[in-house]
Protein chains: 2
Amino acid sequence: MTGKKRTAVEAKQAPGSGRPGRVRIEDVAASAGVSIKTVSRVLNNEPNVSARTRAQVEAAVEQLRYRPLPSARVLAGRRSYLVAMLFDNPSSNYLMEIELGVLDACQAQHYNLMLAPLVYNADDIVAKVESLIMQSQLDGIVLTPPLTDDDALLARLVDLGVPYSSISAREQNRHVGVVVDEFGAVCALMAHLAGLGHTRIAHISGPAAHGASTWRLAGYREGLRRAGLRYDAKLVVNGEFSYESGYAGANQLLDSAQPPTAIFAGNDDMAAGVICAISERGLSVPGDISVSGFDDTPIARQIYPSLTTIRQPTREMGRVAASELLKEIREMGSGGVVDLAYTLQVRRSTGPASG
Amino acid sequence: MTGKKRTAVEAKQAPGSGRPGRVRIEDVAASAGVSIKTVSRVLNNEPNVSARTRAQVEAAVEQLRYRPLPSARVLAGRRSYLVAMLFDNPSSNYLMEIELGVLDACQAQHYNLMLAPLVYNADDIVAKVESLIMQSQLDGIVLTPPLTDDDALLARLVDLGVPYSSISAREQNRHVGVVVDEFGAVCALMAHLAGLGHTRIAHISGPAAHGASTWRLAGYREGLRRAGLRYDAKLVVNGEFSYESGYAGANQLLDSAQPPTAIFAGNDDMAAGVICAISERGLSVPGDISVSGFDDTPIARQIYPSLTTIRQPTREMGRVAASELLKEIREMGSGGVVDLAYTLQVRRSTGPASG
DNA sequence: CTGTTAGCGCTTTCAT
DNA sequence: ATGAAAGCGCTAACAG
């Protein structure tokens, strides 16, 4: 017992010292009849352990229900087993689903998740993140939009050598992360509307700074083209992804000389505003005008009429983004960009073109 | 330099060893001309430090921008500076706001937050939480509804001596935490409806297991009584806090012999379902029937017509719940129950009684 | 393939 | 009121 302070048995008999009742690595070592270093090797999937020894250790771990103490690993090692998810509150639903997915992947791989609310355009973002990294010894970062597009931040992360994973970054394929083909999704949506006989289809776009706005607008134009419809700049108005901006945009479109028969709002919140504006004028959806959104937030099913929209697999997106990050942490270059499938959800807000 | 492995200067010159560039407690001690123990005392607000010494140390900390390494404190001490927020996904909006509030309080007091999604009626909840506590060395727990009402869980937490703080627990005043007078809020809402001339006011309740359902139903009855209106059991139907159950409940009420002129849904999601059911029948809100909800989720402003409802200060609730927990952690018995104010949000879905 | 020996950076005894 | 020494539980070098 050279150097050992307490044996496993003593520990249980003397719960006053140290963390009460906690099983330690040396207890596992003793139980498996090996050294603590060997246990450590097994725990960390290091090579140079015979299959036989490995099995013995694993059995002991199982039997003693041993779990390494996170803070001890962190203090001794170079990894923190901690990743942070940075966000600047877009919609709660979106964020919560992403978060649950990220959490799921982290828990599965025994990583801890730290949440870091940030303000996108604040000029101290880089400094904030930097001190977060230093103080919490972050192993990696999950980026959510629109922080995925902050070039200064990305550059600094690369400089610091901190792995990160992006969700729906504007510049796709360049980083580790997850993407959804929003462009293709909108094309599909336009095909749906054109198939219903609509020829004057309007679009209320999101803020230009968001990648999502760009792809959705591009999909709108390409969708029109594929349907053989002419693009008309007067049918496109700028929104802000907010309910209010959807409401305002719809009124602008309805007041125009030749109002559209269908409106594709850049997201569900704006679509809700569009429906409100139409309803207030005594017009009917989809009888007079068809409306569609994007995101399939809960509101899509809860407004009247229910909303035709595009569903992104948000929970899965979080899970995959985190998994790729953890791969990248384990071995630089092993993470990739995963493309996840969208779904066109046809509901009651779209129907045959009127007149 | 007896026993010291590296001085502050050496550390910066030899970034290969240890954590690169990190300022350690001994650097602060050296800079302040005191022992590391004294620095530790100042850091932890311990007594037995002269004001003069304390000031010197604080200056050094400031100047060196020193932050203790969490894992080292945890490993050495008995506290983990970690609290968990347990939840069983109610609405995203509610949860996200609570979470942001909790996070805010934790960050302000240099505590870490761990998120623990759970399933309310799973019978392994207690075991799950127990292992969470042991493995992560939790200092305390924030409970969100309906987990606040799991008696087995509460009992176990008390047994283990783990402090916890509840948000809107059914059994109020018994624990540390935060509450809102939902009963009084509904009374106020009923006064609003009665004031508009409504005499047949229906209620769609939430699941009986939720404290919220109980208070809201009780407030409905008391509100009627205060307005001099008779309680009629046929005007109360059971819902599940879901959009679908609100839709179904409204149809049931509308099909009855004497339909109500106003419907108070137990939450906003159900109210949205109610509005949909009414609209589908070609009736108008509030022209024919007034509708109100509870919670003031974003949907309340995004449906047509916008919803009269009750707002709870969710972000603040999270913040206060966490603050009280941290007080309790610091000194058992010092946390309390805080009562936060609600707001009656009158919007477009309620109006004068018809006919 | 396996074990030994030092620490990681901080808090805790226990002296002084 | 202050300090010296001894770990907390684990991983990292370096031996064997």
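Predicted model: local features only at pLDDT ≥ 70, side-chain atom pairs only at ≥ 80, totals over all residues.
Analyst: Residues are numbered from 1 along each chain as its sequence is written, chains are lettered from A in the order in which they are written, and side-chain values use heavy atoms, without hydrogens and water.

User: What makes the bond between Val285(A) and Pro286(A) a cis peptide bond?
Analyst: Its omega is about 5°. Pro286(A) is in the loop between helix H12 (268–280) and strand S9 (290–292) of chain A; helices here are DSSP runs of H or I with at least four residues, strands runs of E with at least two, numbered from the N terminus. Another cis peptide bond joins Tyr304(A) and Pro305(A), with omega about -5°. Most peptide bonds are trans.

User: Why is Asn45(B) called exposed, and why is Ser168(B) called buried?
Analyst: Exposed means over 50% relative accessible area, buried under 20%, and partly exposed in between, with a 1.4 Å probe and protein chains only. Asn45(B) has 64%, so it counts as exposed. Ser168(B) has 8%, so it counts as buried. Asn45(B) has a positive phi of about 55° although it is not a glycine, and Ser168(B) likewise has a positive phi of about 55°. Most residues other than glycine have a negative phi.

User: Why is the pair Tyr220(A) and Tyr231(A) called edge-to-face?
Analyst: Rings of Phe, Tyr and Trp (its six-membered ring) pair if their centres lie within 6.5 Å; planes under 30 degrees apart are stacked, over 60 edge-to-face, and the rest tilted. By this rule there are 4 aromatic pairs over all chains. For Tyr220(A) and Tyr231(A) the centres are 6.4 Å apart and the planes stand at 75°, so the pair is edge-to-face. Tyr220(A) lies in helix H10 and Tyr231(A) in the loop between H10 and strand S7, so the pair ties together parts 11 residues apart in sequence. Tyr220(A) is buried at 0%, whereas Tyr231(A) is partly exposed at 30%.

User: What makes the pair Tyr81(B) and Tyr111(B) tilted?
Analyst: The ring centres are 5.4 Å apart and the planes are at 55°, so the pair is tilted. Tyr81(B) is buried at 13%, and Tyr111(B) is buried at 9%.

User: How do you know that the charged end of Arg73(B) sits over the ring of Tyr81(B)?
Analyst: The rule asks for NZ of Lys or CZ of Arg within 6 Å of the ring centre and within 35 degrees of the ring normal. The charged end of Arg73(B) is 4.5 Å from the centre of the Tyr81(B) ring and counts as sitting over it. Arg216(B) lies over the face of Phe294(B), at 3.7 Å.

User: What makes Glu244(A) and Arg301(B) a salt bridge?
Analyst: A salt bridge needs a side-chain nitrogen of Lys or Arg within 4 Å of a carboxyl oxygen of Asp or Glu. The N to O distance between Glu244(A) and Arg301(B) is 3.0 Å, and the two side chains meet in a salt bridge. The count between chain A and chain B is 2 salt bridges.

User: How many residues of each chain are in contact, and how much area is buried?
Analyst: With contact meaning heavy atoms within 4.5 Å, 42 residues of chain A touch 42 residues of chain B. Buried area is the accessible area (1.4 Å probe) that two parts lose on being put together, summed over both. For chain A and chain B this comes to about 3,700 Å², 55% of it on carbon and sulfur atoms.
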